[in-house]
Amino acid sequence: MDNPGRVQLSGNVFEIRRPQRCTLPLVLASPHSGAEYPDEFLAASRLDPLTLRRSEDSFVDEIFASAPDLGAPLVAARFPRAYLDVNREPWELDPTMFMDALPNYINIRSPRVRMGLGTIARVVASGEEIYARKLRFADARTRIETLYHPYHQALSHLVLDTEAAFGGCLLIDCHSMPSAASEAGGQSPADIVLGDCHGTSCASEIVKAARSFLTRRNFAVALNTPYAGGYTTAHYGNPRRGRHAVQIEINRALYMDERRVRRKPELARLAAEMTALVAYLGEFMSERLGEATRAAAE
C-alpha cells in the first residue's frame, strides 16, 4: 500500500502472526510499520498523507515476515507511529499539544517529549508539526487505552509464553531508520544499528553474535549509536532472569525510496538476509538455553 487508505481503526489494531508450532525462543515485534490512518487523524493533521508516512518504519513487518515460518511469533501494529507510538512509556505527553490540563501522572519532561516524539507525537520525523489545532486529553486517553495497552498486553503474553516454554526469551524489536540518521555523530554510514540499552537489556554474547553474523554478511553494523533502544527494549529486557531484548534498526535506503515511501527491488534480498539472521539467533539462543539447563542439572 503506497498511500494510506481512509480507514477507521477497529477490531484487530495489531496482528499476531503465530507459527504452527513455536520452536525458537524468540519473539519479534514491529511497532512502527503500521499504515492504517484513521479518518479523523488525517482530518486533524495539517500535513499531507505522504509526509505523515515518512515517520513509519515502512515495510519492516514484511522484512521479518518469515519469522512464524521459522517457529517464532511476530506482532505488528497496524496503526501508524504518527498516531500512537507504542515504543514509549504509556503516558509521555507534551502539555502544549492539549487544550485542557493533563493529569499529574503524565510524564511531561522526558527527552522524547521535549523532542516532540512522545506517546502521541507532536511532530513527524522531519520536525514538522502534525496537528492543525490542539487536542483534548480524552483523545490521547482513548488511543492509549484502545491501542497502546492491548498491544503491550499481547507482546507481554508472547514473551511470557516463550519464556515459560524455553526457559528464556529473546525479543527482537524491529525498526528502520532514515538514511541520514545512519551517519549521526560523524560516524561512517551504518546499514544496521543494534541497540541493547548500552548493555542493560541483552547479554553481550547475544549482541556480539548478531553483530558478527551481520558483519559476515557484509552489512556495516553499529552498536547503540544513534539508537540504543526505546521503551520496549528497556522494559522487556531483563538478562538476569533470561529475558533479553535487542532493537534492530535498518537503514531505509537499503530497501525503499524514502521520499516516495515505496519498496525497492532490494527489499526481497534484505528480507532473505533477515530471515537468515532470525534463524541464526534462534539457534544461538536455543543452544545457549540448553547449555544453561544442562549446567543447572549438574
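Guide: What follows is a chat about the labels used for this predicted model.

Visitor: Let's begin with the whole chain. What does its secondary structure come to?

Guide: The chain has nine helices and 11 strands.

Visitor: What makes the chain as compact as a globular protein of that length?

Guide: Set its radius of gyration against the globule rule. The radius of gyration is 19 Å, and the rule gives 19 Å for 298 residues, so the chain is as compact as a globular protein of that length. Along the principal axes, the C-alpha atoms fill a box of roughly 65 × 40 × 40 Å.

Visitor: How much of the chain is buried?

Guide: Buried residues make up 52% of the 298 residues. As for the accessible surface, it comes to about 13,400 Å², and 49% of it belongs to carbon and sulfur atoms.

Visitor: Which residues of H7 are buried, and why do we say they line one face?

Guide: The buried ones are Ile206, Val207, Ala209, Ala210, Phe213 and Leu214. Looking down the axis of H7, these buried residues fall within an arc of 160 degrees, so they line one face of the helix. Here's a handy bit of background: an α-helix has 3.6 residues a turn, so residues three or four places apart point the same way.

Visitor: Which residues are exposed on the other side of H7?

Guide: Lys208 and Arg216 are exposed there.

Visitor: What follows H7?

Guide: Asparagine 218 follows H7, in the loop between H7 and S8.

Visitor: Why is cysteine 197 called buried?

Guide: Its relative accessible area is 13%, which is under the 20% cut-off, so cysteine 197 counts as buried.

Visitor: And why is aspartate 139 called partly exposed?

Guide: Its relative accessible area is 35%, and the label covers values between 20% and 50%, so aspartate 139 is partly exposed. You'll find aspartate 139 in helix H6, residues 137-166.

Visitor: Which peptide bond is cis?

Guide: The one joining threonine 225 and proline 226, where omega is about 5 degrees. Proline 226 sits in the loop between strand S8 (221-223) and helix H8 (231-236).

Visitor: Over to the strands. Why is S9 described as largely enclosed?

Guide: Nine of the nine residues of S9, residues 243-251, are buried, so the strand is largely enclosed by the rest of the structure. Both faces are covered: Arg243, Ala245, Gln247, Glu249 and Asn251 lie on one side, with His244, Val246, Ile248 and Ile250 on the other.

Visitor: Do S6 and S7 pair with S9 in the parallel or the antiparallel sense?

Guide: S6 (residues 169-177) and S9 pair in the parallel sense over nine bridges, and methionine 177 stands opposite asparagine 251. S7 (residues 192-195) runs antiparallel to S9, with four bridges joining them. Here isoleucine 192 stands opposite isoleucine 250.

Visitor: What makes S3 largely enclosed?

Guide: Five of the five residues of S3, residues 26-30, are buried, so S3 is largely enclosed by the rest of the structure. Leu26, Leu28 and Ser30 point one way, while Val27 and Ala29 point the other way.

Visitor: Which residues are opposite leucine 28 in S6 and in S5?

Guide: In S6, the bridge partner of leucine 28 is isoleucine 172. In S5, leucine 28 stands opposite leucine 74. S3 pairs in the parallel sense with S6 over four bridges and with S5 over three bridges.

Note on methods: Residues numbered from 1 in each chain as written. Predicted model: local features only at pLDDT ≥ 70, side-chain atom pairs only at ≥ 80, totals over all residues. Heavy atoms only, no water. Buried < 20%, exposed > 50% of the residue type's maximum accessible area, 1.4 Å probe, protein only. Helix = DSSP H or I, 4+ residues; strand = E, 2+ residues; numbered from the N terminus. Arc of directions from axis to C-beta. Rg over C-alpha atoms; globule rule 2.2 N^0.38 Å. Areas by Shrake-Rupley, 256 points an atom, 1.4 Å probe, with all protein chains shown as cover. Pairing = 2+ DSSP bridges.
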